[in-house]
Amino acid sequence: MEKVKFEQSIQDGVHSKLAAMAGNWTGTCKVWFGPDTLADESAVEASIRPALGGRFLIHEYRSTFQGKPLEGIALIGFDLSSNEYQLAWADSFHMSTGIMFSVGKNDDGLQVLGSYSGGEPAERWGWQTEIGLDVNDRLIMTAYNISPAGESVKATEAIFTRT
């Protein structure tokens, strides 16, 4: 049954939408350290490729933050049995040596929520990520930092065009 559901999804379902994001991309990434504090704006290059027969996407990117190089990787998927997007993300800037795991229901497109440890003493902060193609075939990835008190503030936004 699961194989049939996946075959349908890869043809015209969620996995088909994920496959549309595959390619090489260039763009600009902005980083905010508060509601009105743009900390950086840098060029970013990315590649997104299907993995395991289209079950997942591997997203790799390279950029800089305030002139220092950074890179990251994400494994993106959709679990048909739970009806959830799933994302595992690590990078050389935000996550140090950790991996953030995020999930989200299929109600509003690819929108997932994860958390990370921040501050001293360590508190859990939320991290909401939204990924999608717009009507002009631009890939837009936006993330929001969510304080332990629940305040949500845009943290990053990368807007890509295909190369």
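Contact here means heavy atoms within 4.5 Å. In this predicted model, threonine 129 touches Leu110, Gln111, Val112, Thr142 and Ala143, leaving aside residues up to four places away in sequence. Threonine 129 belongs to strand S8, residues 123-133. Its relative accessibility is 13%, so threonine 129 counts as buried, the limit being under 20%. The side chain of threonine 129 also makes a polar contact of 3.5 Å with the side chain of tryptophan 127.

The aromatic rings come next. A pair of aromatic rings is described by the distance of the centres and the angle of the planes. There are five aromatic pairs in the count. One of them is formed by phenylalanine 33 and phenylalanine 65, a tilted pair with 5.7 Å from centre to centre and 50° between the planes. This pair links distant parts of the chain, 32 residues apart: phenylalanine 33 lies in the loop between strand S1 (23-32) and strand S2 (38-51), and phenylalanine 65 in strand S3 (residues 56-65). Phenylalanine 33 is exposed, because its relative accessibility is 54%, whereas phenylalanine 65 is buried at 9%.

Another pair involves tyrosine 116 and tryptophan 127; their ring centres are 6.2 Å apart and their planes stand at 75°, so the pair is edge-to-face. Here tyrosine 116 in strand S7 (residues 110-118) is linked to tryptophan 127 in strand S8, 11 residues apart. Tryptophan 127 has a relative accessible area of 7% and is therefore buried.

Elsewhere, the charged end of arginine 55 sits over the ring of phenylalanine 6, at 4.6 Å from the ring centre.

Key
Residues numbered from 1 in each chain as written. Predicted model: local features only at pLDDT ≥ 70, side-chain atom pairs only at ≥ 80, totals over all residues. Heavy atoms only, no water. Helix = DSSP H or I, 4+ residues; strand = E, 2+ residues; numbered from the N terminus. Buried < 20%, exposed > 50% of the residue type's maximum accessible area, 1.4 Å probe, protein only. Polar contact = N/O pair within 3.5 Å; in protein donor to acceptor, adjacent residues only side chain to side chain. Phe/Tyr/Trp six-rings, centres within 6.5 Å; stacked < 30°, edge-to-face > 60°. Lys NZ or Arg CZ within 6 Å of the ring centre and 35° of its normal.
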